[in-house]
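Let's take a walk through this protein, looking at how its residues pack and where they leave gaps. Have the model open as you read.

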Amino acid sequence: MNYSDLVKPATVANDPYFQELTAYLRANDPVALVQSETHKDFYVVTKHADIIEIERQNEKFLNTQASVLQSKAVEAAFEERGQGPALRTLINMDNPDHKKFRDLTKDWFMPQNLKRVEERVRDIAKTSIDQMLELGEEIDLVNDVVVWYPLRVIMMILGVPEEDEPKMLKLTQELFGADDPDMKRKTETDEERMQTIMEFFEYFTKLTAARRASPGDDVASVIANAKIDGETIGDLEAMSYYIIVATAGHDTTSSSTAGGILALMENPDEFKKVRDNPAIIPQTIDEAIRWVSPVKHFMRYGVEDYVLRGVEIKAGDPLMMLYPSGNRDEEVFEDAHVFKADRRPNRHLAFGHGAHHCLGNILAKMEMRYLYEELFNRVASIELNGEPKLIHSTFVSGLKTLPVRVKAK
């Protein structure tokens, strides 16, 4: 097995090989040293229990340095400019800043508050299926439906007008799909990649000014008028906050939604279970999220020497927590490589664990539930109509195309 394949975006897009490689690591080298020509050496953590062990100890394992795997070339470019990462989001922070910034919007994403937008989310789900059925029987479920639905939800919550949704989708896909041949900008220079972030900044700078002048009942107003330790939130942090909500708030949800539908189509008996008993849809959603694990990894760096599963890790050594591997751990999940629509228990790690557990997890599940209920209730059949393809990315990945044939009831 070639461990260095883990740094290649094409590996994640080749799911059978990716699953074979990670299964081998779990069984034979669960805390493996990965060496490649393009990236600095790092350890990859592939077992469920080990990922939890690291995430639980967020004071011992920090993520400030570089929370996502970066090539030597990208690191060198930042060093040459004398600057750190272009964004400073929750995933780039450790305590005490992490808790302070997380607390700014935490209440917004709690169940009691989300009840206020529940009916609007239901309406967006219904409208999405209305529009899908108007397109005819042969569609691309990802590009025609699934990327737009969670985007509309998160833009509604943020307070972004409907006419700006296509711009937000394009920028998000360029940000997360920067290594994908179909989704990146036409050129691959650092300047072009930075351009995506600059366009986000430009957009949200205007939104901030508008919300400071006239606050509303949306997340943008919370961010624009936020204070940390009595001081107004900095421009970099405000822009980064918008971007993490706008991107993580829909890209990961659309990946899980589409991946779950594909898994059901590939497992007709499981699909029948859901159709016959819609009460299990919440379990099906958790299984879809486990199955897809849209966030593939985060990096952590120990503040002191540490022994993990017998491997001596020096302070500062990079550790990659590989979530799709932890979510197929045979010691935790019975028939881990089988999609079970009613799986229970399902202690998946797709939302992370501990202090960095995903802020929007309840919203994501709500969105998926309403779309699945609407889809399964109104469609007589849905079947594959071509080859599904995955995004080439080592960070966030899911389906980029899902051609299907749909027949309404």
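Two residues are in contact here when they have heavy atoms within 4.5 Å of each other. This is a predicted model, where local features need pLDDT of at least 70, side-chain atom pairs count only at pLDDT 80 or more, and totals for chains, interfaces and linings use all residues. Residues are numbered from 1 along each chain as its sequence is written, and side-chain values use heavy atoms, with hydrogens and water left out.

Start with Leu141. Setting aside neighbours within four places in sequence, Leu141 is in contact with Met132, Val146, Ile261, Ile382, Leu402 and Val404. Leu141 also belongs to the largest nonpolar core, which has 85 residues; Leu141, Leu158 and Phe204 touch the most other members. A nonpolar core is a set of buried Ala, Val, Leu, Ile, Met, Phe, Trp, Tyr and Cys residues joined through side-chain atoms within 4.5 Å. Buried means under 20% relative accessible area, exposed over 50%, and partly exposed in between (1.4 Å probe, protein chains only). Helix H18 (residues 361–378) gives the most to this core, with 9 residues. Helices (H or I, at least four residues) and strands (E, at least two) are DSSP runs, numbered from the N terminus. Apart from this core lies another, of 19 residues, among them Ile52, Ile54, Tyr306 and Leu349.

Asp5 sits in the segment before helix H1 (9–13). Is Asp5 buried or exposed? At 10% relative accessibility, it counts as buried. Beyond its neighbours within four places in sequence, Asp5 is in contact with Thr11, Tyr17 and Leu21.

What about the gaps? On a 1 Å grid over the protein atoms alone, a cavity is a set of points where a 1.4 Å probe fits but cannot get out, while a pocket is an open set with protein on both sides within 12 Å along at least five of seven lines; lining residues have an atom within 4 Å of a point. Grid points are joined across faces, edges and corners, and a volume is the space filled by probe spheres set on the points.

The structure holds 1 cavity of 30 Å³ or more. The largest cavity has a volume of about 40 Å³, and its lining is made up of Leu6, Val12, Phe18, Lys296, His297, Met320, Leu322 and Thr394.

The second largest pocket holds about 490 Å³ of space. Of the 23 residues that line this pocket, the closest to its centre are Asp15, Leu262, Trp291, Leu390 and Leu399.
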